[in-house]
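Good morning, and thank you for the time. Please look at the display as we begin.

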Amino acid sequence: MVTIVIGTQWGDEGKGKVIDYLAENHQIVARYQGGANAGHTVVVNGKRYIFHLIPSGILHPQAECILGNGVVIDPISLLSEIDLLKKENISVTGRLWISANSHLTLTSHKMLDQVEDQYRGKGKLGTTGRGIGTTYTDKTSRIGIRLGDFLDADTFREKLTINLQMKNYLFKEYYGKEIFQPEKIIEEYTPLRERLRSMVIDTAKYLNDAIAKGKNVLCEGAQGTFLDIDFGTYPYVTASNSTAGGACTGLGIGPTKIDRVIGVAKAYTTRVGEGPFPTELDGDLGESLRDLGSEYGATTGRPRRCGWFDSVLLRYAAMVNGLDALFITKLDVLDTLPVIKVAVAYQVGQERSLDFPNGYRALAEAQPIYEELPGWQSDISKVRKWSEFPDATRKYLDRIEELSGAPITMVSFGPGREQTIEK
Ligand code: IMP
């Protein structure tokens, strides 16, 4: 069975925990897009792991992990994650495979990302500064460097020289910054080559062979539907297809091989970085949600913007991803609230709309129309069966399921593996 897990909001939905939960029954966990901008948090036996590149499934000894061709690889970040895992006695040897076609993120990409975003001034995107957009830009400009190219010293030198010739013009003439010397980058990255070599393979072939043998594959999306380069709140998006379709192109699996798509949604909404967010809560309530949910970016530590659950977003996410199921996370964060609101529609100018607005301006103007539901005001952390949830909790879940158009099959209400219930 091949399953895709995607975020249905603006990322940080708790996909790390969901992947960790599902990985138990999978032989392969594969990332298909994004890079070290992701921050997938998993808590096992009270210990907190944050993964930026390595799929969260690595904590399951039976699982092999793949970084597909659609992922952009920062070797420094990847190897430091591997080293951290080693300290915990978790080995990636023979369990982590990286596509030779994935593109390399170098120091110059990270620097350019940061400079570009500063230069945007008021229009800044608030990127993670991890060189994601600049690596994908090089990929589509056909001046990128693939991991396979990096393995051959001469090819790397040749491609890097062409790449830096173009980038240095920008650095020097446009941004007035220091240029990058190819030799310095070669010196910085050469020691990493042999550490990566044995992991670099044709992951599309590997995956398709595994699927043919009947192995269970979990495709791990990073970021979320509304950060997708095509369907997100453009231009305030990331640079890849984080929606379900990205799994096919980012891994080299045909759509006919996909069996199900699971969407992950927080019981409320958060966003980090700039861009429209109709149900955002300013003031005390927003801050108290941030405190209750520890809503700080796992990659950058930035405070996340918080707001109510938005079913307009969810319906759109259910449509563009073809969701079969919904996994609701962080339900416990709402435990103390007397009243919980859910956006059921938007007011855009004179119109009331059930649909996600087309275009940035309409979305920026959209005013959410809310429905209020009673809170349960009790601690649900010890619940172990669906029937043990308070009535108000079940009503809340039923209502968001009805509005979102995808069946809720799983709910999580705390960081531990045991704080998860299947419906
Ligand atoms: P970039 O992916 O670093 O280019 O950032 C573009 C936008 O996506 C910014 O608003 C980031 O905050 C956001 N973003 C990127 N990765 C994540 C993530 O894993 N979780 C939440 N937001 C993210």
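Let me begin with residue classes: Ala, Val, Leu, Ile, Met, Phe, Trp, Tyr, Cys and Pro are counted as nonpolar, Asp, Glu, Lys and Arg as charged, and the others, Gly among them, as polar. This is a predicted model, in which local features need pLDDT of at least 70 and side-chain atom pairs count only at pLDDT 80 or more, while totals for chains, interfaces and linings use all residues. Residues are numbered from 1 along each chain as its sequence is written, and side-chain values use heavy atoms, with hydrogens and water left out.

Rolling a probe the size of a water molecule over the atoms shows where empty space is left. A cavity here is a set of points, on a 1 Å grid over the protein atoms alone, where a 1.4 Å probe fits but cannot get out; its lining residues have an atom within 4 Å of a point. Points are joined across faces, edges and corners, and the volume is the space filled by probe spheres set on them. How many cavities of 30 Å³ or more does the structure hold? There is one, and the largest cavity contains about 30 Å³ of space. S108, H109, L112, D138, N163, K167 and F171 line the largest cavity. By class, that lining comprises two nonpolar, three polar and two charged residues.

Which helices each supply at least two residues of this lining? They are helix 3 (107-119) and helix 6 (153-174), where helices are DSSP runs of H or I with at least four residues, strands are runs of E with at least two, and both are numbered from the N terminus.

These two helices also pack against each other, at an angle of about 35 degrees with their axes 12 Å apart. Axes are lines fitted to C-alpha atoms, for helices over the stretch in contact, and angles run from 0 to 180 degrees between N-to-C directions. The contact, meaning heavy atoms within 4.5 Å, involves S108, H109, M111, L112 and Y119 of helix 3, and N163, L164, K167, L170, F171 and Y174 of helix 6. Its residues divide into seven nonpolar, three polar and one charged.

A second pair is helix 2 (residues 75-87) and helix 7 (residues 182-197), whose axes come within 10 Å and cross at roughly 50 degrees. The contact is formed by P75, I76, L78, L79, I82, D83 and K86 of helix 2 with E188, Y189, L192, R195 and L196 of helix 7. Here the division is eight nonpolar, no polar and four charged.

A cis peptide bond joins Y234 and P235, with omega about 5 degrees. P235 lies in the loop between strand 10 (217-220) and helix 9 (245-251). Q223 is also placed in the loop between strand 10 and helix 9, and its phi is near 55 degrees, a positive value in a residue other than glycine. Finally, E401 belongs to helix 13 (residues 391-404). Its C-alpha atom is separated by 8.2 Å from that of L326, 75 residues apart along the chain.

Conventions: On a 1 Å grid over the protein atoms alone, a cavity is a set of points where a 1.4 Å probe fits but cannot get out, and a pocket is an open set with protein on both sides within 12 Å along at least five of seven lines; lining residues have an atom within 4 Å of a point.
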